[in-house]
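Let us take a walk through a protein together, one region at a time. Have the sequence and the 3D view ready, and turn the view as you read.

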Amino acid sequence: MGRWIWVMVLQLLVLVADSQNIHSSRKLVDDDTQADSPSAGVELVRDDQHVVMSNGIVSIRLTVPGGAVTNITYNGSDNLLLPEDKEADRGHWNIVWNMTERGKIIDNLEGTSYKVIVQNENQTEISFTRTWTVGSSNAPLNVDKRFVMLRDSPGFYSYTVLERLKGWPVFDLENGRMVFKLDGNMFDYMAMSDVRQRYMPTSEDRENGEKLEYKEAVLLTNPSNPDFKGEVDDKYLYSCDNKDNKVHGWVSSNLSLGFWMITPSNEFRSGGPLKQDLTSHVGPTVLSVFISTHYAGVDLALKFESQEYWKKVLGPVFIYLNSDASAKTNPSVLWSDAKKRMLEEVASWPYSFPNSKEFVKSEQRGAFSGQLLVQDRFVHKKAVPASSSYVGLAPPGEAGSWQFESKGYQFWTQTDENGSFSIKNVLPGNYSLFAWVPGFVGDYKHASDITITPGSDIQTTNVVFDAPRNGPTLWELGIPDRSAAEFFIPDPDSRFKIHQYKQPVEKFRQYGLWARFGELYPQKDLVFTIGSSNYSQDWFFSQVTRNVGGQYVGTTWQILFDLKNVDKTGNYTLQLALASIHYAELQVRFNNPNSAPHFTTGVIGKDNAIARHGIRGLYRFYTIPVHGSSLLVGTNTIFLTQTQIQSPFVEVMYDYIRLEGPTVSD
């Protein structure tokens with residue numbers, strides 16, 4: 001009898017174990033899944049609320065069907081994500097959208113359906129989808145979030161397909177990104193460039209610090225590392241141009257482990273190569289930003305009309321993990337390795353492994369090449385190669401419209417010393433050919449649009465940028481490079497300590513520089529004299545308001561210049577290029593500060609560049625005709641008046657100013 005009791009007990013234990021395996025550890029193979037026999041390669045395991053992808057190096061756990069990343073491990077480590085955060089907030093995609101009656105809304109793009117797309121020993125790809133229905137409180141978009149893991153790969157990939165159908169509600173899309181919040185007890189060192197990398201303050205240091213003029217900026221008053229006391233922490237200190245934003249992340253020096261965001265292409269990002277955006281920052285937080293209005297304002301938001309159809313693939317991006325024992329004392333070694341991996345990912349673009357039909361592979365794309373020349377008859381008699389210029393294909397529009405483009409794809413490259421360029425792996429479609437040339441004002445647009453078809457290889461000739469010019473240069477101020485970096489940038493207020501990097505960073509990446517103008521010019525505004533003043537010392541990099549008795553007032557800058565002769569019937573030209581403008585109005589007057597403006601921009605701009613430690617926003621260029629009757633023989637004065645007074649962040653950053661003599665015909 002006792003023997004039979006033991007047999008029954010053993011059978012019950014087997015049944016319980018089998019039941020647990022079925023419900024909590026079953027391998028997923030759907031009817032439409034490409035599956036091989038189980039192997040030691042990539043594995044996929046699911047329970048009722050989560051799915052785990054693992055390849056023996058990296059393991060990630062995601063919610064089902066939402067598709068939020070809750071757990072990431074590397075070579076058997078503990079979870080690298082912030083455990084205190086809600087599961088849905090540790091690693092996720094999100095957008096910021098708005099409808100007029102509802103205001104801004106954050107949508108984490110939570111899926112409502114889960115599906116295995118591919119599962120075999122070499123690759124697993126899973127999908128989390130959501131279909132919008134009338135009456136839903138979610139953003140009016142169909143969503144398909146994908147996660148991909150490859151065999152022997154020290155990381156994983158993610159991309160998202162967003163789709164809007166005709167007739168759906170009108171709304172604006174202001175931000176789209178992927179976010180990872182790491183465990184602050186592990187990660188202490190951040191890197192986003194060869195120079196901008198350092199041990200970082202903690203989120204607790206921020207909470208205990210002094211909030212400054214906006215919530216993102218905090219003065220560290222009692223940090224855990226006393227060396228940081230007196231520094232300002234602000235996520236915008238680590239912004240980066242799209243063209244340079246390819247890899248960034250965090251290192252755990254204690255674990256000798258790195259966590260990196262690698263973005264192998266800019267084709268799906270908004271705003272073109274000079275658009276600036278966030279990277280990594282205190283949290284610790286790692287971002288990949290695809291759509292944003294930073295350093296540009298709502299001009300760069302996606303604004304959908306009722307009958308507009310739209311679809312776009314964002315990514316894939318690669319989340320890369322690495323380790324090196326020497327990182328305990330030299331965390332930068334993992335940065336160097338991450339850069340090497342980034343170059344490999346860039347060379348592999350477009351990837352061959354994504355299984356969404358919306359992601360276009362290399363053989364389905366086209367190429368475009370040629371030579372760009374630049375013509376300025378007052379500099380060179382003939383057109384010359386436009387070396388180191390930016391050339392790009394973007395959705396059709398006016399010259400310079402690529403800056404405002406967020407809905408479509410853009411493909412950019414730089415010319416070589418001969419002005420030659422080659423743009424590869426371009427998605428099929430119709431594009432305008434755009435360019436801009438350092439050292440010359442204005443934007444180029446090719447007269448004819450370009451049509452790319454699968455497999456096409458178009459070679460173009462006679463691409464000549466006729467740079468804006470009406471007459472000979474009488475004087476010039478600055479360097480035409482779409483930046484205010486060449487002008488005078490002061491040291492920050494002595495209350496704010498500058499972090500000492502291994503090498504100095506650009507001076508404009510400091511908090512509070514807007515207030516320095518009023519301190520340097522407490523009573524009178526800036527006066528610049530052509531021929532004796534030096535723009536690197538005497539031209540403040542941003543025309544801002546001045547605080548007078550607690551009230552902000554506008555400012556009027558002056559440019560003094562002498563003319564020995566004036567053609568009173570001639571037509572002169574003022575070429576005015578702005579690197580950034582924020583809620584400002586710039587008025588231009590000649591020789592009479594009380595006259596009606598000769599020219600005004602009107603109130604424009606939402607770049608907010610100076611508050612976000614930038615040196616450029618959206619480029620704006622104006623060709624201003626000046627009749628000879630407005631000028632004098634002898635000393636002349638141009639009055640540049642900024643009229644708006646709302647805040648300390650009202651600003652005008654100049655790129656370049658040039659006065660040209662009377663128009664000369666060819």
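Helices (H or I, at least four residues) and strands (E, at least two) are DSSP runs, numbered from the N terminus. With that naming in hand, find His248, which lies in strand E20 (residues 247-252). Before going further, please keep in mind that this is a predicted model, in which local features need pLDDT of at least 70 and side-chain atom pairs count only at pLDDT 80 or more, while totals for chains, interfaces and linings use all residues. Residues are numbered from 1 along each chain as its sequence is written, and side-chain values use heavy atoms, with hydrogens and water left out.

Is His248 buried or exposed? Its relative accessible area is 2%, so His248 is buried. Here buried means under 20% relative accessible area, exposed means over 50%, and partly exposed is in between (1.4 Å probe, protein chains only). The side chain of His248 has a polar contact, at 2.7 Å, with the side chain of Ser280. The side chain of His248 also reaches the backbone oxygen of Leu287, at 2.9 Å. A polar contact is a pair of N or O atoms within 3.5 Å; within protein, one must be able to donate a hydrogen and the other to accept it, and residues adjacent in sequence count only if both atoms are side-chain atoms. If we set aside neighbours within four places in sequence, the residues in contact with His248 include Phe259, Trp260, Thr279 and Trp335, where contact means heavy atoms within 4.5 Å.

Next, look at how strands sit side by side. Two strands pair if DSSP finds at least two bridges between them. Strand E9 (residues 113-119) and strand E10 (residues 123-130) pair in the antiparallel sense over six bridges, and Ser113 stands opposite Thr129 in E10. With three residues between them, E9 and E10 form a hairpin. Strand E9 is mostly covered, with five of its seven residues buried.

Now for an open sheet of three strands, in the order E16-E17-E18, with antiparallel pairing. Strand E16 (210-211) and strand E18 (232-233) stand at the edges with a single partner strand each, so one side of each has no neighbour in the sheet. E16 pairs with strand E17 (residues 218-219) over two bridges in the antiparallel sense, and Val218 in E17 is the bridge partner of Lys211.

Another open sheet has five strands, ordered E38-E42-E48-E44-E45, and its pairing is mixed. Its edge strands are strand E38 (527-529) and strand E45 (599-600), each pairing on one side only. E38 and E42 pair in the parallel sense over three bridges, and the bridge partner of Val527 is Gln558 in E42.

Strand E42 also meets a helix. In helix H5 (residues 513-520), the buried residues include Leu513, Trp514 and Phe517. The buried residues of H5 pack against strand E39 (543-544), strand E40 (546-548) and strand E42 (555-563). Val548 has its place in strand E40, and Val548 counts as partly exposed because its relative accessibility is 44%.

Let us finish with charged partners. A salt bridge is a side-chain nitrogen of Lys or Arg within 4 Å of a carboxyl oxygen of Asp or Glu. How many salt bridges are there by this rule? The count comes to 32. One of them joins Lys104 and Glu174, with the closest N and O atoms 3.2 Å apart. Lys104 lies in strand E8 (residues 103-107) and Glu174 in strand E13 (residues 172-181), so this pair ties together parts that are 70 residues apart in sequence. Lys104 counts as exposed, at 61% relative accessibility, whereas Glu174 is buried, with a relative accessible area of 9%.

Lys339 forms a salt bridge with Asp194, the closest N and O atoms being 2.8 Å apart. This pair also links distant parts of the chain, since Lys339 is in helix H4 (residues 332-347) and Asp194 is in the loop between strand E14 (189-191) and strand E15 (197-199), 145 residues apart. Arg341 and Glu345 form a salt bridge too, at 2.9 Å between the closest N and O atoms. Both lie in helix H4, four residues apart, about one turn of the helix. An α-helix has 3.6 residues a turn, so residues three or four places apart point the same way. Both Arg341 and Glu345 are buried.
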